Each structure stands twice: as structure tokens, then as C-alpha cells.
Amino acid sequence: IDDTVKVTLTPSPTGILRTTFLLPPSPIVAMPELYRHIETLLNPTWFYLSASPYNLYPFLRQFIHYYYPRGPILLRDASWMDLSGFFLSLTAGTEAYKRGRMEVLHDELPKRKVLCVGDSTQSDPEAYGEIYRKYKGWVKKIFIRKVTDVGEMDTNEKNTPERFEKAFKDVPRDVWQIFEDPNELYAAVDALKGT
């Protein structure tokens, strides 16, 4: 959810606070339209996987239901009593958490085909690459939003071709795509029809 479909500015503690508690939530530009296109073309079952703590469920549910197709919102079973706990719940152990939740989804829905959409701020590429390798054929496509608009993010580390190549080692190149503008993905989504 964070920085994939909703502007959160995850690498920035002040950005997280502003976009979660002070400003009205904003979708990533052109992402709601892309999701509507996917909904119309593929009629998927939607799951929104986030490392955000469950305390944010009402806020995120309202946001998702306003801008995106409805679906279960899978949040981290972690609570927080102060700001340090809040930041930790958003940033620590996200790769293992997301892999674990996706493994549960696979166990429940092994015959479904999966389209993963994530971003470069944390460990979505690594988590999705690992899931692809573990469950060959289950993940049909992986889209990673290359986040470039967060000042506190080390884009030299997070957005390098080497990072993506390493994360997607042994994942066929036509399965994963890095994008900055969601409009870049329409042809790839259209190619999924009937697969």
C-alpha cells in the first residue's frame, strides 16, 4: 500500500507522519486508473499487503475503498504505543513479513495466478523475487514502482539496476518490470489477458 498505491514517503519519518496523520491521503498518480483497468480486464481477487500496523486499518480501508477495487487488507499484527514503535512497525522486517503473508496466500490459493505490485522503498523486489522462485508458475507478473520522489531515500542504493537484478535473480526478465509512471504498464497488463 505505502508508496505503491498511496503516497506515504516511507523512507522519511516526517513524511510518514505528514501523509498518515496530517494530510488527506493521496493515491500515487495514475495508479487508481491502472487498477481499474486491471479490474476491468482481468477481474482479479484483490489483496492489499502492507507492513503497516493493524492500528491503521480503518484509515487504510477508507482510502482503499475510495480509490481502488475492494479487497482484503493484510496488515502487520503489531501495535505501537509511541512514535518509535510506529516507525519500527513500518520499516523493520518488511521482507520476511511480506514473504510470510504471501506463503499463507499461496497455501490458501495455490491454483490462482498472482500479479504482484510493489515499490522500491523497502524490500518488495526481494520478497516478490523469493516468492517467484519458491512457487514457480504462481506469480505471473511483478511490477515494481521505482520511487524517486522521497528526499530522504537513498535512490543510489534502492533504485539501481544491480539491486533489481539481484532481487530477481533466476526470475525471467519478462516476468518483472520496473516503472516510474503507471501508464508504462498497460501493454504488460493487456498481455496477461487469458494467461
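Guide: Start with the largest pocket. The largest share of its lining, five residues, comes from β3. A pocket, on a 1 Å grid over the protein atoms alone, is an open set of points with protein on both sides within 12 Å along at least five of seven lines. Lining residues have an atom within 4 Å of a point.

Visitor: What kind of model is this, and how are residues numbered?

Guide: This is a predicted model: local features need pLDDT of at least 70, side-chain atom pairs count only at pLDDT 80 or more, and totals for chains, interfaces and linings use all residues. Residues are numbered from 1 along each chain as its sequence is written, and side-chain values use heavy atoms, with hydrogens and water left out.

Visitor: How many helices and strands are in the chain?

Guide: Both are DSSP runs, numbered from the N terminus: helices are H or I, at least four residues, and strands are E, at least two. The chain has nine helices and five strands. From the N terminus, the order is α-α-β-α-β-α-α-β-α-β-α-α-β-α.

Visitor: Back to the largest pocket. How much space lies in it?

Guide: A volume is the space filled by probe spheres set on the grid points, which are joined across faces, edges and corners. For the largest pocket that comes to about 780 Å³. Its lining has 31 residues. Thr45, Lys113, Val114, Leu115 and Cys116 lie nearest the centre. At least two lining residues come from each of α2, β1 (48-53), α5 (94-108), β3 (114-119) and α6 (124-134).

Visitor: Which residues of α6 are buried?

Guide: Buried means under 20% relative accessible area, exposed means over 50%, and partly exposed is in between (1.4 Å probe, protein chains only). In α6 the buried residues are Asp124, Pro125, Ala127, Tyr128, Gly129, Ile131 and Tyr132. An α-helix has 3.6 residues a turn, so residues three or four places apart point the same way.

Visitor: What do those buried residues pack against?

Guide: A contact means heavy atoms within 4.5 Å. The buried residues of α6 pack against α5, β3, β4 (139-145) and α8 (161-167). Lys134 is also in helix α6, but it is partly exposed, at 46% relative accessible area. Its C-alpha is 9.2 Å from that of Glu103, 31 residues away in sequence.

Visitor: How do I read a pair of rings?

Guide: A pair of aromatic rings is described by the distance of the centres and the angle of the planes. Rings of Phe, Tyr and Trp (its six-membered ring) pair if their centres lie within 6.5 Å; planes under 30 degrees apart count as stacked, over 60 as edge-to-face and the rest as tilted. The structure holds nine aromatic pairs. Tyr35 and Tyr68 form an edge-to-face pair, 5.1 Å centre to centre with 70° between the planes.

Visitor: Which parts does that pair tie together?

Guide: Tyr35 lies in helix α2 (residues 31-42) and Tyr68 in the loop between α3 (57-67) and β2 (73-76), so the pair ties together parts 33 residues apart in sequence. Both Tyr35 and Tyr68 are buried. Now compare a stacked pair: Trp46 and Tyr48, at 6.2 Å centre to centre and 10° between the planes. Trp46 and Tyr48 are buried as well. One aromatic cluster takes in Tyr35, Trp46, Tyr48, Phe63, Tyr66, Tyr67 and Tyr68.

Visitor: Where does a charge sit over a ring?

Guide: The rule needs NZ of Lys or CZ of Arg within 6 Å of the ring centre and within 35 degrees of the ring normal. The charged end of Arg76 sits over the ring of Tyr97, 5.2 Å from its centre. Arg173 lies over the face of Trp176, at 3.7 Å from the ring centre.

Terms used:
1 Å grid on protein atoms, 1.4 Å probe; cavity = no way out; pocket = protein on both sides within 12 Å on 5 of 7 lines; lining within 4 Å.
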